[in-house]
Amino acid sequence: MNNVLSSIKNYFIIVLSFLLVLCGIELPFGLPRDAVTDAENVRIMSFNIRYGEYDSRATIIPEVIADYKPDSVGIQECTFDWAITLGTLLDGYSFVGVGRDTGSMSADCGEMSAVLYRTDKYELVDHGTFWLSQTPNKVSFGWDAVCRRICTWVILKNKETGEQYAHVNTHLDHEGDEARKNGTQMVVDFALSFDMPTVVTGDFNYSKGCDYYNGIISSGLFDTQDLAPDTMNGKTYHGYNGGEEGTPIDFIFVNNKVSQVLKYRIMRTKYYGQYTSDHYPIYADMKL
């Protein structure tokens with residue numbers, strides 16, 4: 001099976017490269033990628049990959065992840081097509097997630113708030129998904145939410161050191177105030193229940209500094225953007241218009257069991273002349 005997927009991937013890349021050359025588009029060799037982390041560090045990424053414009057970005061999203069090589073990445077707006085694409089084109093990662101509309105993986109499953117992790121470095125200890133609603137163990141809408149919303153989590157064990165950490169990933173509702181408020185509390189309470197280093201990623205659909213955000217900080221989670229001595233500022237949602245000025249709505253939080261955050265980045269690099277998504281992906285390097 002792996003050989004088949006590898007052949008499909010290679011064929012896909014060759015065809016894409018040929019088409020790009022015919023169109024006069026140069027391949028982006030030598031783009032200024034950040035170096036991947038060393039063995040002592042952990043790189044956590046959050047990436048809203050956008051459910052639309054799939055055809056023009058089908059190879060770009062896996063390439064971004066491969067270039068920056070996070071230990072684990074929380075993906076938002078991951079459709080079934082994206083899940084198949086990531087599984088086919090992205091080597092060295094395993095995919096954990098189910099659709100918010102069915103609780104399974106199928107063509108009609110809806111968005112997955114998935115977590116991908118490096119299989120060379122980690123083994124999966126435990127995982128799950130719950131709905132941000134009054135019935136978290138059932139496929140359901142919560143409060144005044146326009147969409148069903150979920151939270152997917154994993155516990156990963158370093159194969160070499162035995163160290164474990166939890167990665168919690170979510171995407172809060174874009175309209176319902178009660179859904180955002182209560183969904184935030186559910187995610188925070190769940191993250192704080194782990195007695196191990198824990199990271200929380202997601203598109204929270206509200207800005208840094210608002211009441212909901214301040215509630216997260218006062219609860220005992222910390223924003224890696226503020227903890228990192230090597231950091232940067234600016235918005236994370238740009239709607240394919242680019243730019244830097246503004247505040248983020250995508251975050252990477254950690255609990256007090258993460259010993260040190262080293263770097264925080266908003267990834268604004270274009271691929272093949274286009275933005276990777278309508279959100280900039282973000283990542284944080286840390287020591288557990």
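In helix α5 of this predicted model, the buried residues are A179, R180, G183, T184, V187, V188 and A191. Viewed along the axis of α5, these buried residues fall within an arc of 150 degrees, so they line one face of the helix. An α-helix has 3.6 residues a turn, so residues three or four places apart point the same way. The cover over the buried residues of α5 includes β6 (150-158), β7 (164-171), β8 (198-203) and α6 (211-219).

The structure holds 15 aromatic pairs. One of them joins Y213 and F251, with 5.2 Å between the centres and 45 degrees between the planes, which makes the pair tilted. This pair links distant parts of the chain, since Y213 belongs to helix α6 and F251 to strand β10 (residues 250-254), 38 residues apart. Buried means under 20% relative accessible area. Y213 is therefore buried at 4%, and F251 is buried at 2%. Both Y213 and F251 are part of one aromatic cluster, together with F204, Y206, Y212 and F253.

Two arginines are placed over tyrosine rings, as listed below.

| Arginine | Ring | Distance to ring centre |
|---|---|---|
| R43 | Y283 | 4.1 Å |
| R268 | Y280 | 5.7 Å |

Terms used
Residues numbered from 1 in each chain as written. Predicted model: local features only at pLDDT ≥ 70, side-chain atom pairs only at ≥ 80, totals over all residues. Heavy atoms only, no water. Buried < 20%, exposed > 50% of the residue type's maximum accessible area, 1.4 Å probe, protein only. Helix = DSSP H or I, 4+ residues; strand = E, 2+ residues; numbered from the N terminus. Arc of directions from axis to C-beta. Contact = heavy atoms within 4.5 Å. Phe/Tyr/Trp six-rings, centres within 6.5 Å; stacked < 30°, edge-to-face > 60°. Lys NZ or Arg CZ within 6 Å of the ring centre and 35° of its normal.
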